[in-house]
Amino acid sequence: MIFSSDNYSPVPQQVLDALVEANKGYQPSYGEDSQMTKVRHLIQKVFEAPQAAVYLVATGTAANSLALSTLCEPWQTIFCSPVSHIHEDECNAPEFFSGAKLTLVGNGDKINPKELKKSIQAEESRGVHGPQRGPVSITQITEKGQVYTLNEINELTQIAKEFKLPVHMDGARFANALVSLGCTAAEMTWKAGVDVVSFGGTKNGLMGVEGVIFFDPQKAWEFELRRKRAAHLFSKHRYLSAQMLAYLENDLWIELAGRANKAASRLIAGLKEIKEVEFLVEPKANLIFVKMPAYIHRKAFSMGLEYYTWSEIDGVSDDTPVVARFVVDWSRSLGDIDKFLEIMRNAAEKESYI
Ligand SMILES: *Cc1c(COP(=O)(O)O)cnc(C)c1O
C-alpha cells in the first residue's frame with residue numbers, strides 16, 4: 001500500500017500498447033515523427049491554441065528549466081513560491097539553465113497577489129547592481145495540494161503583465177487541477193494570462209514524458225536550441241510522442257486524473273472522520289497533507305501503509321505530531337482506499353496499540 005508519490009505508479013495499458021504500436025517500422029528521428037505531428041495538433045486543439053508551439057521532454061525538471069530559461073535573461077530573477085518544485089526539488093537546474101536567480105514570494109504555498117506585487121516592485125531598485133525582473137512561475141496543483149482558482153491565476157498574471165513579465169505554469173499535475181476546477185485547458189492557461197506551460201504526463205500515468213507549450217510561438221526556435229544544447233532532444237523521439245498521443249487520445253489524461261481525484265476524495269472524506277487526523281490545508285485534488293500523532297504513523301506503517309513524512313520520527317514520543325503526505329495516483333481503486341482507511345482507523349485506536 002504505497003501512497004508516497006504519483007510517480008511510484010505503474011503505466012496504464014493504453015500507453016504500453018501505444019509504445020508497442022509505435023515500435024512497428026521506421027520513423028524519422030528528433031521529433032519529426034508522424035506521432036509528434038498528431039500530438040502537436042491534439043494539444044493545439046485541446047488548448048484551443050492553433051498557434052501554440054509544443055515540445056516534449058522526459059522530465060519535469062527539464063520542462064521547467066528549459067521553459068524558464070527561454071523566458072528570461074541571466075540577469076533577471078524568477079518569482080516563485082518558497083515551496084515550489086523549481087526552488088526545492090530541482091537541484092538548481094532552473095538557475096543552471098537560465099543563469100537567473102529565484103526570488104521567493106511570501107512564505108506560503110500559493111502565491112499571494114499582494115506579496116507578488118511587493119516582490120516585483122522591490123526589484124530593479126538598485127539599477128545595474130541588482131537583478132532585473134523576470135518571469136513569474138506558479139504551480140498548478142501546488143506542491144501542498146491546493147488549486148489556484150481561475151480568478152487567482154488571473155490576479156497573478158495581471159500583476160505580471162503590469163510589469164510586462166511572462167508567466168510560466170508548472171503543471172506537473174495539470175490534469176488533476178483541470179479535473180478539480182472543471183474548466184477547460186484554455187481557461188486555466190492562456191485565457192487566464194499564462195504564457196508557457198509545463199504540461200505534466202509522468203505523474204498522471206506516462207512512463208516519462210512532459211510537454212512544454214508556448215502559446216506564443218515567437219520563442220519556439222530558441223526553445224529548440226536550448227533543448228538540444230541541454231541534451232534533451234531525444235533522437236528516438238517517437239517513443240515520447242507515442243506516450244503523449246495515447247495520453248491525449250480519447251481524453252485518457254482526463255480519465256486518469258478523474259480516477260485519482262475521485263479516489264482521493266474518498267480518502268479525504270474517510271480521513272475527516274478520524275478525529276486524530278488533521279489536514280494541513282484543505283486538499284483540492286490528489287495530494288493530501290495531514291498531521292497526526294506519531295503512534296498512528298507508527299502503527300499504520302507497521303501495517304504496511306507507506307507515504308512520505310515531513311517530520312522527525314525516530315525517538316519521538318507517541319503523541320508528537322507527524323506531518324505526512326498521501327498521494328493518490330490514477331491506478332488506485334476505491335477498494336484500495338477503503339483498505340487505507342481501515343488501516344488508519346485501526347491505527348488511530350490507541351488502546352489497540354501496544
Ligand atoms: C514531480 C514534479 C515535477 C517534475 O519532476 P521530475 O522529477 O523532474 O520529473 C515538477 N514540478 C512539480 C510540482 C512536481 O511535483
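A salt bridge here is a side-chain nitrogen of Lys or Arg within 4 Å of a carboxyl oxygen of Asp or Glu. The structure holds 15 of them. This is a predicted model: local features need pLDDT of at least 70 and side-chain atom pairs count only at pLDDT 80 or more, while totals for chains, interfaces and linings use all residues. Residues are numbered from 1 along each chain as its sequence is written, and side-chain values use heavy atoms, with hydrogens and water left out.

**Stop 1: salt bridges**

Select Lys-117 and Glu-162. Their side chains meet in a salt bridge, 3.1 Å from N to O. Lys-117 sits in helix α6 (residues 113-122) and Glu-162 in helix α7 (residues 150-162), so the pair ties together parts 45 residues apart in sequence. Helices (H or I, at least four residues) and strands (E, at least two) are DSSP runs, numbered from the N terminus. Lys-117 counts as partly exposed, at 28% relative accessibility. Buried means under 20% relative accessible area, exposed over 50%, and partly exposed in between (1.4 Å probe, protein chains only).

Next, select Arg-259 and Glu-255. This salt bridge spans 2.9 Å, N to O. Both residues lie in helix α12 (residues 252-272), four residues apart, about one turn of the helix. Arg-259 is partly exposed at 35%, and Glu-255 is partly exposed at 38%.

Now go to Arg-332 and Asp-336. Their closest N and O atoms are 3.3 Å apart, in a salt bridge. Are these two buried or exposed? Both are buried.

**Stop 2**

Select residues 60-71, helix α3. Its 12 residues should span 16 Å at 1.5 Å a residue, and its end C-alpha atoms are 16 Å apart, which agrees. The expected span is 1.5 Å times one less than the number of residues. In α3, 10 of the 12 residues are buried, so the helix is largely enclosed by the rest of the structure. Asn-64, Ser-65 and Thr-70 are among the buried ones.

Move to residues 34-46, helix α2. Its 13 residues should span 18 Å; the end C-alpha atoms are 19 Å apart, which agrees. Gln-35, Met-36, Val-39, Ile-43 and Gln-44 are buried. The buried residues of α2 pack against α1 (13-22), β1 (53-57), β6 (196-199), β7 (210-214) and α11. Just after α2, check Glu-48: its phi is positive, about 50 degrees.

**Stop 3: cores**

A nonpolar core is a set of buried Ala, Val, Leu, Ile, Met, Phe, Trp, Tyr and Cys residues joined through side-chain atoms within 4.5 Å. Select Phe-47, Leu-116, Phe-174, Phe-199 and Met-244. Of the 58 residues in the largest nonpolar core, these touch the most other members. Helix α11 (residues 238-248) gives the largest share, six residues.

Center on Phe-47. Beyond its neighbours within four places in sequence, its contacts (heavy atoms within 4.5 Å) include Phe-174, Trp-190, Phe-199 and Ile-213. Apart from this core lies another, of 27 residues, including Phe-3, Val-277, Leu-305 and Leu-341.

**Stop 4: zoom out**

Show the whole chain. The protein has 14 helices and 11 strands. Its C-alpha atoms fill a box of roughly 65 × 60 × 35 Å along the principal axes. Of the 354 residues, 54% count as buried.
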